[in-house]
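Reader: I would like to learn how to read a protein structure, one feature at a time. Please show me the example first.

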Amino acid sequence: MVIVRPIRQDDLAPLLALVRGGVGVGLTTLPDNEALLQARITASLATFARKAVRADEQWMFVMADVATGRVVGVCAIAGAVGLREPWYSYRVGTVVNASRELGIFTQTPTLFLSNDHTGASELCSLFLHPEFRVGRNGALLSKSRLLFMAQFRQHFARKVIAELRGVSDADGRSPFWESLGRHFFSMDFAEADYLTGIGKKSFVAELMPKHPLYSSFLSAEAQAVIGETHELTRPARRLLEQEGFRYEGHVDIFDAGPALECNLDDIDAVKKSAVHRVVKLLTAGQAPAGADSVPTLVCGTGIEHFAVGLARVISAADGIALDAESAAALGVSIGDEVRTVPLRPADRH
Amino acid sequence: MYVLRTAQPADLPQIEAIAAKSAIGITSLPPDRDRLLEKISNSRYSMSVDVDVPGEETYFFVLENVATGEIVGTSGIAASAGFHDRFYSYRNEIIVHASQELRVSNKIHALHLCHDLTGYSLLTSFYIDPALADGDLPQLLSRARLLFIAEHRQRFAEKLAAENPGVCDVDGNSPFWNAVGRRFFGMDYPQAEQLSGGRSKTFIAELMPQYPIYVPLLPDEAKLAIGQLHPDGELPFSILMDEGFEPDTYIDIFDGGPTVEARVDTLRSVRYQHRSRVDGHFASDGTEHVSIIANTKAEHFRALLGRVRVGVVGGAGIGLSPDVAEALGVGDGDIIRSVDLVPPTTGEMAW
C-alpha cells in the first residue's frame, strides 16, 4: 500500500534519486539540483509548520510505500503564484479584421502576455516513478492534493491552476520554443526550462516579447501545439479534467502547454468530499463488496501527521467502516474523523 | 529645352499613358483617367488658392519637351500626409530585452505601426521617361519641387517624406505583404489595392495589425524586404539621398519599401539655393553656374535646367539668357530661385 504524506527533511536523498531517475525536460519545478530541492523541502516544512505567508507557501507531498518506506512519487501545491515574482502566461486571443466594403473578414489568433493567474493556487511538481505507474497510484497522487485542499481550503486561493507540460520531442526540443522563444533568447528550451525550475522564470520571461503576438507568424508546427499537452502528461490532464479543470486559453510562455483552471469550490472532489467518523475497522476477511466497495480517498482531519490513502470504505450507522490496513497507514483509529471522497467522479453522489 | 510646369487638363492623355507604364509601387500615379483628372484639377485648385497652413492641397507637375510638346516626366507634392485622417507607416524600432541576472541582452527588431508622418508634406508621383533617366532631367524633376517648397513655405510642413517602392516580383507580389498584410487580408497586394478602389491607403491600413511586428518571427524573404528598395525606385531614391533624406526609420506598411524623411531646412537644395532678382545683363564676365532655375509663381510655376551668371560687374542681380528668361516667364526685375545642379557637398555656399 502507498500513501501520500507531507515531505520530510529525510526525503531529500530519495527525492533526488527520484528526480534523477528520469523526470526529463519539461517538468520545470523539479530540477536535478540538490540545493533547489532542499530549498523546496525547507519551504514546505515552514509551510506545514504555519510559519510562511501565502505568497511563499509550498505544500509538498511524497508518495511512500508503507511497507518499505520507499519514496515513489512527489506532488505539490503552491499557495499562490506570482506574488513574489511576476507569473507569466500567454492568453490565447483573437483579432478580427473586417471590412464590409472590401468583403474582408479574417480572424487572427493572438498571444497576449498576461499575469492573469497572479494569486492563484497551483497544483504542480507531480512525478511518479515509472515502476509505480500502475493501478490507481497516479490518480491517488494527483487527487490527494484535492482532498488536502478540501480539508484546509482556508489556505488556498479561490482559483486553482495546473500548468501541464507542453509538447516536446525526445530530445526536449519544443516546436513552440523553436519558433518563438529561441528568437528572443538564444538558448535551448531545456536550458530555459532549467532556469525556470531554479526560480529564474521571471528573468527569462523578461527577455520574451511583451507585445501581443500574432500566432500566425509562428511555424505551423508551433501553432499546432498551442494548448496541447505532452503525450506523457495526457493522463494527468484527463484526471484534472474529470475533476472540473478546464483549459481556458492560457498557455505556458515557453512550451505553450495548457494551464488548466478551476475554482476551488467547483472542483468535484472538493465539492463532494465529506467528513465522517470512523466507527469500525474492517479486517482483511471483512472486505466490503458490492456498491459500497468503491475505491475512496481518505485522509485525517489534522494537518499534523496528515496522510491520504486509497481505502476500502463502507457506510455504517453514525459513520463509516474503514479497512484496518488503511487506517493504520493513515494513523486513524475508531472515533477519529476522516475526510473521504470516492476516487472516481462517477462513484460520487 | 525641357520645362517643368504645373499639370493642365490638356495633359491628361499623355499623363494617362505614363501612368499605364509606371511601376506598381507608384500608387500616387494611378492608371485611372478620372483619378488623374482629379489630380490635375486638385493641383490647379491648390495652386490658385491662398494657403496659410498646409492642408489637403496637392501639387502636380509635368516635365515637357517644349519643342515637341511631349510630356516626359511627372512629379508632385502632397501638402499634408494623411490630411483629414492618418498616414500610416511602420517605424523600425529596437526593443532591448535584457536581464542583468542572466547576463543577457538582446536587441529585438520590431515594426511599430505609427502615424508619425501624418502632416508631413509628401513628395509624390515621380516618373521620368526611361530614355531620359541617365541625364540631368531627373534632378530637375525631383529638386525643382524643393525650390517650389522653399518659395511657398507656408503651403508646406517643416518636414518632408517620400515613399519609395518596395521589392516585389514581376506580378506585383511583395514578400513583405505576403508575410504581413496578406495574413490579415487573405489576398494579394495588387488585389487589395484594387479593392480599395483608389481610396486612400488609410482605408486598408485600418485593417492592418495594430500590434508591433517582431521581425525575428518573419520569414527570411520578408525580413530582407524591410527597407529594401525596388530597382525601379533607385533613381528618385538616390536623388533624395543626395539631398539628405533619412531612409532608416520608416517603411511602407504594405510592401516594406523605405519611406524617407527630412526637415526642409536641412535639404541640400534648400540650403544652397539662392533667391535673386533677374538682371537684364547676361554679360560675358562673372561666373556661370549650371543650375536648376525656377520662378516664384504658383499657378504659373516653371522650372528648368540652365545657366545663371553671377558676379557680373555693374550687375544688380542674376543674369539669365533671354531664352531661359522667356521659358521661365520672367523678366528684368523678377525674382527667381536657383540652385547649382551640383551643389557643394559640404561647407560654404558656392556663391
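Reader: How do α1(A) and α2(A) lie to each other?

Author: Two packed helices are described by the angle between their axes and the distance between the axes. Here α1(A) and α2(A) are oblique to each other, where oblique is what remains once angles under 35 degrees are called roughly parallel, over 145 roughly antiparallel and 65 to 115 roughly perpendicular. Helix α1 (residues 12–20) of chain A packs on helix α2 (residues 34–48) of chain A at about 125°, and their axes are 10 Å apart. The axes are lines fitted to C-alpha atoms, for helices over the stretch in contact, and the angle runs from 0 to 180 degrees between N-to-C directions. Helices (H or I, at least four residues) and strands (E, at least two) are DSSP runs, numbered from the N terminus.

This is a predicted model, in which local features need pLDDT of at least 70 and side-chain atom pairs count only at pLDDT 80 or more, while totals for chains, interfaces and linings use all residues. Residues are numbered from 1 along each chain as its sequence is written, and chains are lettered from A and ligands numbered from 1 in the order in which they are written.

Reader: Which residues make the contact of α1(A) with α2(A)?

Author: Two residues are in contact if their C-beta atoms, placed from the backbone, lie within 7 Å. From α1(A) come L12(A), L15(A) and L16(A), and from α2(A) come E34(A), L37(A), Q38(A) and I41(A). By class, this contact holds 5 nonpolar residues, 1 polar and 1 charged. Ala, Val, Leu, Ile, Met, Phe, Trp, Tyr, Cys and Pro count as nonpolar, Asp, Glu, Lys and Arg as charged, and the others, Gly among them, as polar.

Reader: At what angle do α3 and α7 of chain A pack?

Author: Helix α3 (residues 137–151) and helix α7 (residues 234–242) of chain A pack at about 55°, with 10 Å between their axes. They are therefore oblique to each other. G138(A), A139(A), S142(A) and K143(A) of α3(A) face P235(A), A236(A) and L239(A) of α7(A) in the contact.

Reader: At what angle do α3(B) and α9 of chain B pack?

Author: The angle between α3(B) and helix α9 (residues 234–243) of chain B is about 60°, and the axes are 10 Å apart. Residues P138(B), Q139(B), S142(B) and R143(B) in α3(B) meet L235(B), P236(B) and I239(B) in α9(B). This contact also divides into 4 nonpolar, 2 polar and 1 charged.

Reader: Which residues touch the most other members of the largest nonpolar core?

Author: In soluble globular proteins, nonpolar side chains tend to be buried together. A nonpolar core is a set of buried Ala, Val, Leu, Ile, Met, Phe, Trp, Tyr and Cys residues joined through C-beta atoms within 7 Å. A residue is buried if 20 or more other C-beta atoms lie within 10 Å of its own, exposed if 12 or fewer, and partly exposed in between, with C-beta atoms placed from the backbone. The largest core has 199 residues, and A303(B) and L304(B) touch the most other members. Its largest share, 9 residues, comes from helix α3 (residues 137–151) of chain B. Leaving out residues up to four places away in sequence, A303(B) touches L4(B), L140(B), A144(B), L147(B), I292(B), I293(B) and A294(B).

I293(B) sits in strand β12 (residues 287–295) of chain B. It counts as buried because it has 31 C-beta neighbours inside 10 Å.

Reader: Is H84(B) buried or exposed?

Author: H84(B) is exposed, because 9 other C-beta atoms lie within 10 Å. Its place is the loop between β3 (70–78) and β4 of chain B. H84(B) and F203(B) are 119 residues apart in sequence, yet 12 Å apart in space, C-alpha to C-alpha.

Reader: Which residue of chain A has a positive phi without being a glycine?

Author: A256(A), with phi near 65°. The residue is in the loop between β9 (246–251) and β10 (258–263) of chain A. With 29 C-beta neighbours inside 10 Å, A256(A) counts as buried. In chain B, S125(B) has a positive phi of about 60° and is not a glycine either. S125(B) belongs to strand β6 (residues 121–128) of chain B.

Reader: How many residues does each chain give to the contact between chain B and chain A?

Author: Chain B gives 21 residues and chain A gives 21 residues. On the side of chain B, the elements that give two or more residues are β4 (89–99), β5 (104–114) and α5 (181–185). That side has 14 nonpolar, 5 polar and 2 charged residues.
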